[in-house]
Amino acid sequence: MQIESKQQILERRKNIEQEIINTLKEIKSDFSLADVQNIIYHEQDNDDMTKVISIFDCGGDIAEMNEMLELASDAWNYFPHKVLGGISPAEVLLEYQNKQEK
């Protein structure tokens, strides 16, 4: 994952948010974008990623599940985490890349 700027991260996050909203509406889920963001922000253990994935599990085929896994992974990487000081893994990567360039 090559991150070029904070703006790129924010734009990607906004796209992911819209994709989550559309997906949850499409699968008629009782969950919301806020539920996904809350689980990710307050992560405590490995089961939290499983919780996010289960939100999107609507019993579809393998191709559909792969799409849901990709969406959950994107959300995990681009949404803020409390344990990371309120930033996303993508932002941590950007900070690391910027330090390496100096």
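**Stop 1: Lys102.** Start by selecting Lys102, which sits in the segment after H5. Is Lys102 buried or exposed? Lys102 is exposed, with a relative accessible area of 85%.

**Stop 2: colour by confidence.** The average for the protein is 92, and 98% of the residues score at least 70. Where is confidence lowest, and where is it highest? Helix H5 (residues 89-101) has the lowest confidence, at a mean of 90, while H2 has the highest, at 98. Keep a general rule in mind: where pLDDT is low, the predicted coordinates should not be read in detail.

**Stop 3: Lys28.** Jump to the loop between H1 and H2, where you'll find Lys28. Check its backbone angles: phi is positive, at about 55 degrees, although Lys28 is not a glycine. Lys28 is exposed too, and its relative accessible area is 72%.

**Stop 4: helix H2.** Select residues 33-41, which make up helix H2, and show the side chains of Leu33, Val36 and Ile40, which are buried. Look down the helix axis: these three cover an arc of only 65 degrees, which puts them on the same side of H2. What do the buried residues of H2 pack against? Show helix H1 (6-26), helix H3 (47-56) and helix H4 (62-78), and you have their partners.

**Stop 5: Tyr41.** Stay in H2 and click on Tyr41. This residue is partly exposed, at a relative accessible area of 30%. Leaving out residues up to four places away in sequence, Tyr41 touches Pro80, His81, Lys82 and Gly86. For a distance check, pick Tyr96: the C-alpha atoms of Tyr41 and Tyr96 are 21 Å apart, and the two residues are 55 apart in sequence.

**Stop 6: His42.** Move on to His42, in the loop between H2 and H3. With 40% relative accessibility, His42 counts as partly exposed. Which residues does His42 contact, setting aside neighbours within four places in sequence? Asp48 and Lys82.

**Stop 7: H2 against H3.** Show just these two helices. A pair of packed helices is described by the angle between their axes and the distance between the axes. For H2 and H3, the angle is about 165 degrees and the axes are 9 Å apart. That makes H2 roughly antiparallel to H3, since angles over 145 degrees count that way. The crossing is left-handed. To see who meets whom, select Val36, Ile39 and Ile40 in H2, then Asp48, Lys51, Val52, Ile55 and Phe56 in H3.

**Stop 8: H3 against H4.** The axes of H3 and H4 come within 9 Å and cross at roughly 135 degrees, so the two helices are oblique to each other. H3 passes H4 in a right-handed crossing. On the H3 side, the contact is made by Asp48, Met49, Val52, Ile53 and Phe56. On the H4 side, select Met65, Met68, Leu69, Leu71, Ala72, Ser73 and Trp76.

Definitions and conventions: Residues numbered from 1 in each chain as written. Predicted model: local features only at pLDDT ≥ 70, side-chain atom pairs only at ≥ 80, totals over all residues. Heavy atoms only, no water. Buried < 20%, exposed > 50% of the residue type's maximum accessible area, 1.4 Å probe, protein only. Helix = DSSP H or I, 4+ residues; strand = E, 2+ residues; numbered from the N terminus. Arc of directions from axis to C-beta. Contact = heavy atoms within 4.5 Å. pLDDT = per-residue confidence, 0-100. Axes fitted to C-alpha atoms, helices over the stretch in contact; angles between N-to-C directions. Parallel < 35°, antiparallel > 145°, perpendicular 65-115°, else oblique. Left-handed = near helix turned anticlockwise from the far one by under 90°.
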